[in-house]
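Please look through the model shown below before reading on. The report that follows takes its chains in turn and then turns to the places where they touch.

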Amino acid sequence: MNPPLERNRKFTAALLLAPMVLLLLGFLVVPVAGVLRSSFLDGDYLLEGTGFTVGHYLRFFSDSYYSSILWETFVDGVIVSLICLVVGFPTGYSLARLPPLARRWRTIIVILPLTLSLVVIVFGWLIILGRNGLLNSVLFNLGIISSPKTLLFTRPAVILVLVQQFLPFMILSVLSVVTQIDPVLEQAASNLRANRLVTFRRVIIPLATPGILVGCNLVFVLSISAFITPRLIGGNRVPMLGSLIYERIMSEFNWPSGAAMAFILFVAGLGFTAAFNALAASRLVMGGRLHAR
Amino acid sequence: MSSNHGNGLHGERDYVVELQSVSRHYGESIAVADVSLGMARGELVCLLGPSGCGKTTTLRMVAGFVKPTSGTVRINNQDMTHQPPYRRDTGMVFQSYALFPHMTVAENIAFGLENLKWNRVDREKRVREMLRLVELPHLAERLPTQLSGGQQQRIALARALAMRPAVLLLDEPFSNLDAQLRVRMREELREVIRGVDVTTLFVTHDQEEALTMSDRIVVMNTGRIEQIGTPGDIYESPESTFVAKFIGWCSVVEGAVDATGTFVSKSALKVPGNWQPGPANAIVRPEHVHLAADGPQGLVREARVLESHYYGGATRVVLDVGGEQLMMHERFPFGRHPKPGEPLNITLNTDEIRVVSSSSQTFTDLKRVAI
Amino acid sequence: MRDDFSDNVMKMAGAVVRAVVYTMLALPAVLVIISSFTSGTSMNFPPPGFSLQWYQRAFESEPFMKALWTSTYVAVIVSFLALIIGFAAAFAINRFSFPGKGLLQGLAFSPLVVPAVVLGIGLLYLFAWMHLTQTMLPLLVGHLVLAIPYVVRTVLASLSLHNRVLEEAAMNLRATPFQVIRRITLPLILPGLLSAAIFAFVTSFGNVTVSVFLTYGGNVTLPVQLFTYVDASYDPLVAAVSSIMIFVTLAVILTIEHLIGAERLA
């Protein structure tokens, strides 16, 4: 209706968006593309590769050592996500239904691990799980064990620490959907003679599914790309893809090979995110039928 | 449908606000269609209609928050159609009042004056003046959250009027108040507006508000103007069944006007007059129906009580009169309220009954007792 | 009767799970703080006695104090820049309609999807190629990229909760668009803006997963310093330094909680 004004608005919008777009294109998209490019370089050392080869990918997928690490990483990711779901859902649900005052300090506890530096959290777990740490001394004093056990450098320890790190993502995802579910629906269900279990299964969980999927997606992708925790808690005995990449690049300086693995990790993460999104979309479409069952 | 709402189409008269064939489309849907309206200086005009009839969109087009798809908006005889809201000489009281929560009452009132580049002394003087006008001078330093609903409304009014706008715009100003306060604020508002003599356009869906406050009422339906007129015109001589049904109680009797200009219903109810021949409806208001004993001269008719609702004082009775359903408001002596099935003799004051052509009507449920 | 039984089982199981969860979430931080006050020289638990000696050692330690300074410096600059860039973008996304808006929003949140290792080595590669690894620039840019999604999300949330009618009222009171932003929009979303800046601060201050690749040139941040230290050995000095980080983070969380309420942190 007023073309100069319209053009003006478009220009303003472009101007406002430009800094962010340039930043993310230059320092997110370009670096990721750089990782892809360098993963095809022929060579074993930082910035010295030339040419084009798919050898690093071939080696990764043909060597059973690497493929077993890839597989274990995925299995760990699934286990961590499932544990987070099972303990995170009830916590997130109850948090959503608490009065504001009671919710306050609990929310702060949930958020602390998210904002606190990862190293500090892992260090806290070293104190708990160490040879002379809290857990060993408690078990010893209770007479359950007679000598300190090695708790660190085991797969369960790594999974435990990953669960603690990423649990807040699950709790907050569940919290945000459950707050949108009207408590009246639960009262209606119980008025219709549903006990808590039935209410949960037939009303709350179906309605909370989008939040559950978001939470699982986040936890899974974060778990498979973890490298600080496997390195500090698991040592060399619990290798995961992330710590392997870190090792390859920061200790061995084998750049192209590390880049290839990093890109495999990136694609896996994207693939799973896409799969979760597709699942969420199909659930929304099929929702009616599924719930009717 | 053709009524006097086309007055002032060509801007030859001195209008404060003038809408010329204004329309607003949202994609396929039409919010406002071909609305023309002129407001004289000092006039209080009300846009009345059910929700979604386009009345708020019309108001927002005057304020400049919505741009018309076609047509012209003129304020003080200047084309304002493409001017942004802040270049328009309007003062608006929003439905939610929209007081700035981070400013005190005084700062809220002064905000518009600052933007108009008034100096500080004049601003402070005007703020005090406005607070006196709305009788809240002691609240100047309060924050909006510390005020009651009625106080917030008065501050919003003071803020809008402080700029001495050419036209005051009120968007459902009473909808956030409880019923008792609503009536009181209505009277107060009317007094303030009369006192400062400002041209006012206000939007409401409440017919009582419209009838008691306005000089003229614009009844809107589905984006179009149904009728413009004084409250008396609108109530006494509705030009369409919609207007009749929307304002006040009424029964709609289907029938036709014969060649002599007399309305005859299917059940032989006659309304003599000089009506336009063709299919038509008679609008029978409860006050047109009287008990035979105390009513004015007219044909006595036999009726049977269908429903009877006691309202304390008067009783609303739905009657079957020869196959037509009519309504009556009547005071019955204590203990003598009519019961369903009971026969009653009534007279109809046919001089006052209005007949409207039904050919242009799209309504099909006219047989029903309205509202 | 069966219903009552299953209800009770669920209630009890829920209570146990919640107790375990909250304990587990708080435990590492609590233990770090307790160990930092030990009078002993090892991380054995329980600590033999109380002392502040490790805090003294921490403040005397040059590498840690230098790292603390670097971390603070980077985090302050990052939160300032992230707020400006992120606010501009969030404002455009919230107020303007343009083609590809969804794509753009996706771009703004994409740093959350890219694994830290990938971003870290990608940036390292890029800055090595530009011969800039010896500067502070890699850290600043890396943290800025990480902070953008948090800032955009927080500002978008404030803008969508912000009552647009107030802006219409201001315009009706003759305020120009610029005056509306300055006098109505900005003051009213100020808590959201502050939280966004603080978010950016914590994201930068605590990050280790990307920083670890970007500290080649000797500009080591505190978390990276801790990581390399813990990787080799650990003693109560680490606990004291970690406790300092916990106190800073906790102060920040409480500030945001005060500003916008903890629920909206999520």
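## How to read the helix and strand figures

Helices and strands are here runs assigned by DSSP, where a helix (H or I) needs at least four residues and a strand (E) needs at least two, and they are numbered from the N terminus. With that in mind, and remembering that this is a predicted model, residues 68-256 of chain C can be described as 80% helix and 0% strand, with end C-alpha atoms that lie 22 Å apart. In an unreviewed UniProt entry, this span carries the feature "domain: ABC transmembrane type-1".

## Annotated segments of chain C

The unreviewed UniProt entry for chain C also places the feature "transmembrane region" at residues 12-37, 73-94, 106-128, 140-163, 184-217 and 237-260. Among these, residues 12-37 of chain C are 96% helix and 0% strand, and their end C-alpha atoms are 37 Å apart. Residues 140-163 of chain C are 92% helix and 0% strand, with 35 Å between the end C-alpha atoms.

## Annotated segments of chain A

For chain A, an unreviewed UniProt entry gives the annotation "transmembrane region" to residues 12-36, 74-96, 108-128, 157-178, 203-228 and 259-280. One of these spans, residues 108-128 of chain A, is 90% helix and 0% strand, and its end C-alpha atoms are 22 Å apart. Another, residues 203-228 of chain A, is 88% helix and 0% strand, while its end C-alpha atoms lie 39 Å apart.

## Chain B as a whole

Chain B contains eight helices and 20 strands, and its C-alpha trace spans about 75 × 50 × 35 Å along the principal axes. Of the 371 residues in chain B, 42% are buried.

An unreviewed UniProt entry places the feature "domain: ABC transporter" at residues 17-247 of chain B. Over that span chain B is 37% helix and 26% strand, and the end C-alpha atoms are 26 Å apart.

## A pair of helices in chain B

How do the axes of helix α3 and helix α4 of chain B cross? Helix α3(B), residues 120-133, and helix α4(B), residues 149-162, have axes that come within 9 Å and cross at roughly 135 degrees. The two helices are therefore oblique to each other, and α3(B) passes α4(B) in a right-handed crossing.

On the side of α3(B), the contact is made by Arg126(B), Val127(B), Met130(B), Leu131(B) and Leu133(B), and on the side of α4(B) by Ala158(B), Leu161(B) and Ala162(B). Sorted by class, this contact has seven nonpolar residues, no polar residues and one charged residue.

## Where the chains touch

Between chain A and chain C, 75 residues of chain A are in contact with 75 residues of chain C. Which element gives the largest share of the side of chain A that touches chain C? That share, 18 residues, comes from helix α1 (residues 3-38) of chain A. By class, the side of chain A that touches chain C has 49 nonpolar, 20 polar and six charged residues.

Chain B also meets chain C, with 18 residues of chain B in contact with 15 residues of chain C. On the side of chain B, the elements that give two or more residues are β6 (90-93) and α2 (105-115). The residues of chain B that touch chain C divide into 11 nonpolar, six polar and one charged.

Key
Residues are numbered from 1 along each chain as its sequence is written. Chains are lettered from A and ligands numbered from 1 in the order in which they are written. This is a predicted model: local features need pLDDT of at least 70, side-chain atom pairs count only at pLDDT 80 or more; totals for chains, interfaces and linings use all residues. Axes are lines fitted to C-alpha atoms, for helices over the stretch in contact, and angles run from 0 to 180 degrees between N-to-C directions. Angles under 35 degrees count as roughly parallel, over 145 as roughly antiparallel, 65 to 115 as roughly perpendicular and the rest as oblique. A crossing is left-handed if the near helix is turned anticlockwise from the far one by less than a right angle, and right-handed if clockwise. Two residues are in contact if their C-beta atoms, placed from the backbone, lie within 7 Å. Ala, Val, Leu, Ile, Met, Phe, Trp, Tyr, Cys and Pro count as nonpolar, Asp, Glu, Lys and Arg as charged, and the others, Gly among them, as polar. UniProt positions are given in the numbering used here, feature names are shortened, and annotations may be inferred rather than shown by experiment. A residue is buried if 20 or more other C-beta atoms lie within 10 Å of its own, exposed if 12 or fewer, and partly exposed in between; C-beta atoms are placed from the backbone.
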